[in-house]
Each structure stands twice: as C-alpha cells, then as structure tokens.
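Look at the model below and turn it slowly.

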Amino acid sequence: MIVLLCGKGLFKKNDTENAECYSLFILMLFKPWETIQDLLENYDSWAKACQAFLDSSYLSPRLKSIIYNIKLLYKCSEETALDRELRKNALKDPILAKAHRIDRSDPGYNTYNELDLSDNDELPINNTLSNNILEFNPEAIIRSGLKTIKMVDSAMSNTNFANNNLESETIHSSNAYDSANNTPMNTNINLQHNYKNTPLNITVTKNTNPLEQFASGLNEEQKKAYFLFCEHRQKNNQITKNSLLQLLLYFTGAGGTGKSRVIQAICSYFEYTLQSDKLIVLAPTGIAAVNICGNTIHSACGFGFNEGGNNYSNFSNEYKCQLQECWSKIEYAILDELSIVGQNLLAQFHTFIKKIKFNNDSTPFARINILFARDFIQSPPVLDKALYTPDKITCFTSAEYSSSKSKKRKYNINLLLINSRTVTNTTGRSLWLNVKHAVQLNILMRQIDNPFYTNILENMYHSNLTETQIAAL
Ligand SMILES: Nc1ncnc2c1ncn2[C@@H]1O[C@H](COP(=O)(O)OP(=O)(O)OP(=O)(O)O)[C@@H](O)[C@H]1O
C-alpha cells in the first residue's frame, strides 16, 4: 500500500487541535503496517498509539531523528518569519530588537513578561530620533520594574530630552573629543529622576562615531576593508560628497577568513545609522544571498523575471517603476561570491544600474560604490567568462599578441568573430579593471583554535598538502 498525503502540509507536533492527525500521520509513515489494526494496536486514540511507538525500543535512532527533523522544518520557517520581523523592528527600535534577540536565543524566556508589557502597552522607552528628541515615559519604566536604563544612541548629535511629569531631574553629561578630527567621540548623559518618590537613573551613551562600535569584533585585516567602505560612506554623507571618488573595492581572502563577518559589520553600521535604504547586498546565487541576508543579482535587477529577459528596455513600465523605487536611494552595494559573477553578468549589471539610475556618463556602475567580495580560487562562473580572463578583443589587439608569431598561429585572426557576446564580455572585463582598491584577508578565522587543521586548509588552498597532512586526512 502506498500512502498519499494530500492537504495543505504536514501537521505540527504541538498543534493540540490536530494531535490525532499528526499521530496517525507519523504512524502511517514510519511504522511498518498492513492493516489499520497494526497501527492502532489496542490503544483507544492515535495519539496514545503514536506515543507508544515513539517510546518503543525498536524505533531506530535514524527514524527518531527524521521524525524530530520534521519539527525542525517548522521551527526553521517560524524562525525565518521571526527574523524578518526582528529586522523590521530593528530599524525602528534597537532596544526592542535586542530584547527579541535574547527572547529567541533563550528558550522559555519571554521579554514581554519580564517588562510586564502587553501588546497595547507603551514601551518603556520610545527613543524617537525625529527632531533630535528622545522621549520616554517614566511611568511605564517604573511599572516595568527597571531602575537603571542604559541606552546607546549614535544618530543624534544634539539631544533634547522631553519628559512628562518628572518631579525632579538632574542631568550630568560628559563629552570626549577626538582632538585629531575635532569631533565628539562619546557623550554620556546621566539623568537622575525622582518620579513619584521612585529614583530612576537613565544613562544615555551617545557614540557620535558608531564606526568604531561595529569594528570592535573584527581583526586588523578585516577592519581595513570595513573602514575603507564605511568611512567612505561617512564622508560621503558630509559636505565633501561631490569631490569623493567612487569606491570600487575588491575584498578577497580564502574561505573562513571572515569576509561574511565584515559584510555583516558593514550592514550593521548602515542599519544602525538608519541608512539601510542606501545599501544593497547581492550575490549571484540564492544560497549565497541567503547567507548574507541579501538578494540575488537576478532578482534585484529583474533579470529573467520578465518577458524582456535580462534586457531592461524590454521590461514593462510597471515593472520598471517597481525596480526604480527599489534602486532610487541605493548608493552602495556589496556583491558577494564574485568568483561566480562572469564578465557578461557584470556588464549586464552595469547596464541595468545606468538605466535604472538614468545615468548617461561614462562612470562604471552609475557611480554606485561597490565592495566585491570572494577570491577567484573558489567556484568559477557558469556559462560565462571569469573576470580575470583577458577578453578576446584585447588579446588580438595587444602588442604582445602582434609580436608573438606562435600566438598568431594559434589564434588565427579569422577566429576573432565579434558578436554581441564578445562585446559584452569586453565591457565586463574593462569594468572589472576599474577596480583600484583591494584588501586581502590572510588569517583563517574559522579554525583559529586548531593550528594543525588551519595548516591543512591553507596548504590545501594552495594545492600544497604534505604527506603527513594527507595521512591525517
Ligand atoms: N574577527 C573574528 N573574530 C572571531 N571569529 C571570527 C572573526 N572573523 C570571522 N570569524 C569566524 O570565522 C568563521 C568564518 O567566518 P566567515 O564565514 O565570515 O568567513 P568567510 O570568509 O565568509 O568564509 P566563506 O568564504 O567560506 O563563506 C565564522 O565562524 C566566524 O564567526
């Protein structure tokens, strides 16, 4: 007998309303049976029969883990939904986002219970950044049982505190200045309040330079790439905007050197300074995009999603408007897994950005600043030419080629058929040659505590394994 499942999807273990269906489903799939009686035995419910089956000693560990993984499948999709919500909230309220993070990492811990807040209650602190006013509601803070509140805020340079009904307050502030740049580094403001005879301390730490904050978890090599990119953004934000050169940065290093960690730090910096809408994070494949919480190049540029294929000019007007809205604010991009991006795709990406940004000058990628990550020793592009490959036209026209008789014989001039693909590849290659900055990571962070294994990986990377290492593997 073959069991055919139909309906919306699998049942959940903890769904009490469907406990009987879940149990029958597990029994049918995992217990050997010929008749219904084999499944139910002498139990009066499917739930009891299923429990007995799960507890029985003849259920193999492999089957047990498969049954458990069905639960994990749900957990993953729930976690994904939660994560989306977390990211949305993080943009508006860093404190709430932090609380959610603790909530999720510690099973059974409920932040809302601790803060004694229901959905309709106000949050203890509404750190509204608009108009440079930090608002808070002391009544709600006291009700939550918190006596000392520390906040870190970087986005404001001048803070006014609006408060309601405080009986008395004292404000102490201390500023630290970076004398080299004549800019404030940190400002600590301590507010001591008496609200209905309850003392309340609020410390607001303002890092006016949040760059440092997200660099703290990076090693020196990683910091170089991080600062190059984020400092460029910081300067770009200021008056120097027009004179700032476009940044095209190649960020490379073997697997495990911490490229994704730097990308994460950059994203956190943009998120924290409320500039996420200026940054787009892209990768050529779905899995790579998910790993860095980004999009695929194809989905962000609408390639292959439309009747027009990859050609922007053929997209419908409605679709063009949608894409223009997404791209209108973008000034920075991260392009990960670059080894898989070929000359043709890079050229198409460039053409797309120029069109979507209505840019007619000759600047690559319509002046968008880009960090290209990945090293070329990893997977090559599929049906496309790697960016490091010299293009056909240059090969044929180079002085080196003209002076080399053997090459002349090898590449008969008649073979240089110039079709549209040749031209696109040449464009892609010359776009790549515009990249003038590079940062290379050399320290393997993934196996930092295991020098023996690190050594094996390093040698494997350079195809240079020793006999001992081969034997160990
Ligand atoms: N500065 C650091 N301090 C501590 N751990 C780090 C640091 N940088 C990276 N790591 C750890 O090293 C591991 C590899 O980092 P990451 O995934 O960022 O590397 P990667 O270069 O992107 O690797 P791959 O190319 O394989 O994706 C991760 O477990 C990460 O947490």
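E41 counts as partly exposed because its relative accessibility is 36%. Buried means under 20% relative accessible area, exposed over 50%, and partly exposed in between, with a 1.4 Å probe and protein chains only. E41 sits in the loop between α2 (36-40) and α3 (46-55). Its phi is near 50°, a positive value in a residue other than glycine.

Some ground rules come next. This is a predicted model, in which local features need pLDDT of at least 70 and side-chain atom pairs count only at pLDDT 80 or more, while totals for chains, interfaces and linings use all residues. Residues are numbered from 1 along each chain as its sequence is written, and side-chain values use heavy atoms, with hydrogens and water left out. Helices (H or I, at least four residues) and strands (E, at least two) are DSSP runs, numbered from the N terminus.

F358 also has a phi near 50°, positive in a residue other than glycine. F358 is in the loop between α14 and β12 (369-373). At 61% relative accessibility, F358 counts as exposed.

Now go to helix α10, residues 259-272. Its 14 residues reach 20 Å from first C-alpha to last, close to the 20 Å expected at 1.5 Å a residue. The expected span is 1.5 Å times one less than the number of residues. Buried residues in α10 include V262, I266, C267 and F270. Just after α10, L274 takes a positive phi of about 55°.

Strand β9 (residues 279-283) holds L279. L279 is buried, with a relative accessible area of 11%. Which residues does L279 touch, not counting residues up to four places away in sequence? They are F229, C267, F270, I330, Y332, A333 and I334. Contact means heavy atoms within 4.5 Å. L279 and Y332 are 53 residues apart in sequence, yet 4.7 Å apart in space, C-alpha to C-alpha.

Next come the rings. A search of the whole structure finds 14 aromatic pairs. Rings of Phe, Tyr and Trp (its six-membered ring) pair if their centres lie within 6.5 Å; planes under 30 degrees apart count as stacked, over 60 as edge-to-face and the rest as tilted. Y22 and F25 have ring centres 6.4 Å apart and planes at 55°, so this pair is tilted. Both lie in helix α1 (residues 19-30), 3 residues apart, about one turn of the helix. Y22 is buried at 7% relative accessibility, and F25 is buried at 5%.

F303 and F352 form an edge-to-face pair, 6.0 Å centre to centre with 85° between the planes. F303 lies in the loop between α12 (297-301) and α13 (317-327) and F352 in helix α14 (residues 343-356), so the pair ties together parts that are 49 residues apart in sequence. F303 counts as buried at 2% relative accessibility. F352 counts as buried at 1%. Ring pairs link Y250, F303, W327, F349, F352, F365, F372 and W432 into a cluster.

Finish at two helices. The axes of α13 and α14 come within 10 Å and cross at roughly 90°. That makes α13 roughly perpendicular to α14. Axes are lines fitted to C-alpha atoms, for helices over the stretch in contact, and angles run from 0 to 180 degrees between N-to-C directions. Under 35 degrees counts as roughly parallel, over 145 as roughly antiparallel, 65 to 115 as roughly perpendicular and the rest as oblique. From α13, K320, L323, Q324 and W327 make the contact; from α14, F349, F352, I353 and I356 do.
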